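Subject: Structure handover

Hello,

I am passing a structure over to you. Please look at it first, then read the notes below.

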Amino acid sequence: MSLNESPPLPEGLVAVVKKDCPTCELIIPVLIGLGKETQLTVFTQDDPDFPAGIDDRQFDEELAFSWHHNIETVPTLLAVEEGKEVSRTVGWSRSNWESLTKTPGLGRDLPDQRPGCGSLSVDPSISPDLELRFGGSSITARRVEFAALEDTHEALFDRGWTDGLPVVPPTEARVAAMLKGTTRSPEEVVASIPPDLAPCTVEKVAINAVMAGCRPEYLPVVLAGVAAVCTQTFNMHGLLATTMPHAPVLIVNGPIAEQIGMNSGNNVLGQGNRANSTIGRAVQLVIRNVGGGRPGEVDRAAFGSPGKVGFCFAERENDSPWPPISTMYGFPAGTNTVLAFPGEAPRNLVDQLSRDPDSLARTYAANLISIQHPKLILGFDAILAVAPDHSRVFRESGWSREQLAERINELTVRPGHELVRGAGNIPEGIPEGVEDSYLPKFRENGLHIVHCGGAAGLFSAIIGGWVNGEMGSDPVCVEITP
Amino acid sequence: MTKVLDPTNEATPADIPRAARPETLDGLTVGLLDISKPRGDRFLDRIEERLVERGLRVERFRKPTFTKPAPVDLRHEIATKCDVVIEALAD
């Protein structure tokens with residue numbers, strides 16, 4: 001019989017137990033009694049001599065029986081007729097056992113019920129291996145063997161598969177476990193990854209997500225992030241190839257952020273949270289490994305930024321004065337989304353004295369004007385990340401996100417003659433011909449106001465954008481699907 | 001022994017041979033491709049002057065934006081009209 005075939009079910013009653021389970025110990029007398037009266041087979045997971053006193057006992061040492069018959073709890077009792085399971089009960093419940101076995105008066109000395117224990121076959125430390133051994137692998141990626149004397153971590157660096165930090169070796173068992181994080185098929189193509197425009201499957205994303213350190217439940221967010229950046233609109237190719245330092249900044253909205261333990265509070269743009277740190281990194285590793293986008297090759301950034309290792313965080317929705325940022329892109333609040341923004345490193349912005357919304361808007365405008373160059377306007381978007389100590393002012397005064405953005409835009413308006421090339425003795429600037437116009441810093445909807453950060457600190461932060469529009473990149477927001 | 005899964009696209013890059021270098025530019029048409037970086041046109045204007053002085057035919061082309069690969073039609077047009085091409089990367 002091959003490992004992928006399900007072991008046959010013996011006729012009559014079948015019990016699955018392990019010695020390391022007090023409920024299984026408790027019901028030994030019941031099993032012995034049933035064994036005398038009916039046809040009973042007991043499968044034991046951890047000790048071939050357990051339970052004593054049972055004639056028809058089989059040692060499920062490889063856990064093949066338990067795995068193939070989906071045993072999640074011990075004890076499990078099955079009724080089998082003509083080779084087919086007709087009913088099952090888990091744990092100990094006198095009434096359930098009596099009804100399944102059609103035998104009254106079972107275990108009179110026992111409590112009415114006791115929950116069982118976890119089956120060894122679903123133990124998280126071994127179930128991925130069982131999945132591979134008995135389930136057969138649908139993974140098609142090339143297997144790469146390292147020699148016995150090769151250090152695995154060094155070998156992964158040597159092959160150029162890392163971003164300079166260590167990666168988790170993507171073994172088949174780990175990738176199979178990662179793929180459990182999505183309902184999507186491993187062979188489904190997610191996107192063409194620049195610069196090589198290589199088709200990338202769910203499986204390849206999963207391999208890189210393992211390497212980045214993701215947990216399986218992060219995978220849907222990584223998949224959405226990859227899909228968002230690899231669009232014509234986002235133009236990952238240009239963002240990678242530019243000499244500017246920008247990279248995808250991923251902002252997660254919706255209940256999934258909390259479900260997978262993302263950080264939207266203290267140190268939100270920093271280190272220390274596994275989901276924040278690894279989701280953005282997984283997207284970057286996909287671009288590096290599947291797309292072939294490597295620094296010094298197609299990646300021509302003069303400076304780059306620490307965010308190019310990976311830059312991902314969640315919006316602080318629970319006490320935000322505004323609806324989720326994803327609503328700017330037409331998604332109803334409560335939708336799980338990833339917003340990809342082409343951003344540079346964040347910069348802190350201090351205003352510890354303003355207590356009214358207009359003075360805060362003035363502080364924001366004064367700082368936002370300097371993005372890329374104070375004389376370059378309309379060509380760059382920005383994220384304005386507002387922390388709770390600042391957002392309280394807007395909540396208390398009832399300022400909407402749109403109202404704040406509009407006021408900031410008004411405050412950034414400057415005369416064209418100050419902005420054109422040569423003005424202020426600086427050749428850099430916008431082309432001549434607009435000297436008599438008055439122009440704002442940002443295009444319509446260029447400013448992305450996001451609520452995040454720790455509860456203490458009268459600060460906000462700015463993340464400057466890359467060239468926007470047709471010749472650069474526009475932010476892209478996509479829904480996260482399971 | 002550790003066995004891992006290949007995280008790359010597993011595609012061996014197609015080996016595209018470089019076109020043969022001409023011995024001389026005499027009698028050839030030279031394409032000048034401006035990738036739309038600021039002042040690239042000034043560089044190419046000067047190159048054009050020098051090539052025309054030498055009696056060469058010159059064709060000018062321009063990419064819509066330097067941030068994206070040249071459109072396939074433009075690449076085809078250059079390949080059809082020119083024997084060699086000079087591309088300006090400038091700032």
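Along its sequence, chain B runs β-β-α-β-α-β. That gives two helices and four strands in chain B. Here helices (H or I, at least four residues) and strands (E, at least two) are DSSP runs, numbered from the N terminus.

Before going on, note that this is a predicted model: local features need pLDDT of at least 70, side-chain atom pairs count only at pLDDT 80 or more, and totals for chains, interfaces and linings use all residues. Residues are numbered from 1 along each chain as its sequence is written, while chains are lettered from A and ligands numbered from 1 in the order in which they are written.

Chain B: overall form

Chain B has a radius of gyration of 18 Å, whereas a compact globule of 91 residues would have one near 12 Å. That radius is taken over C-alpha atoms, and the globule rule is 2.2 Å times the number of residues to the power 0.38. Along the principal axes, the C-alpha atoms of chain B fill a box of roughly 65 × 30 × 25 Å. Buried residues make up 13% of the 91 residues in chain B. Buried means that 20 or more other C-beta atoms, placed from the backbone, lie within 10 Å of the residue's own.

Now contacts, which are pairs of residues whose C-beta atoms, placed from the backbone, lie within 7 Å. Take those in chain B between residues at least 6 apart in sequence: 75% join residues at least 24 apart.

Where the chains meet

In total, 14 residues of chain B are in contact with 32 residues of chain A. The chain B side divides into five nonpolar, five polar and four charged residues.

Strand β10 (residues 143-145) of chain A and strand β1 (residues 3-5) of chain B are antiparallel, with three bridges. Two strands pair if DSSP finds at least two bridges between them. A:Arg143 has B:Leu5 as its bridge partner in β1(B).

Chain A: domains

Chain A is assigned domain 1 (12-123) and domain 2 (154-479). Such bounds come from an automatic or database domain assignment. The centres of the two domains of chain A, taken over C-alpha atoms, are 54 Å apart.

Chain A: an open sheet

Five strands of chain A form an open, mixed sheet in the order β3-β2-β1-β5-β6. β3 (57-59) and β6 of chain A are at the edges with a single partner strand each, so one side of each has no neighbour in the sheet. On average, neighbouring strands of this sheet are turned by 20° against each other, direction ignored.

The pairings are as follows.

- β2 (residues 40-44) and β3 of chain A are parallel, with three bridges. A:Val42 stands opposite A:Arg57 in β3(A).
- β1 (residues 12-17) and β5 (residues 76-81) of chain A are antiparallel, with five bridges. A:Val14 is bridged to A:Leu78 in β5(A).
- β5(A) and β6 (residues 84-90) of chain A are antiparallel, with six bridges. A:Thr76 stands opposite A:Val90 in β6(A).

The hairpin of β5(A) and β6(A) has two residues between the strands, and A:Glu82 takes a positive phi near 50° there.

Best wishes

Notes: Contact = placed C-beta atoms within 7 Å. Nonpolar A, V, L, I, M, F, W, Y, C, P; charged D, E, K, R; others polar. Buried ≥ 20, exposed ≤ 12 C-beta atoms within 10 Å, placed from the backbone. Axes fitted to C-alpha atoms, helices over the stretch in contact; angles between N-to-C directions.
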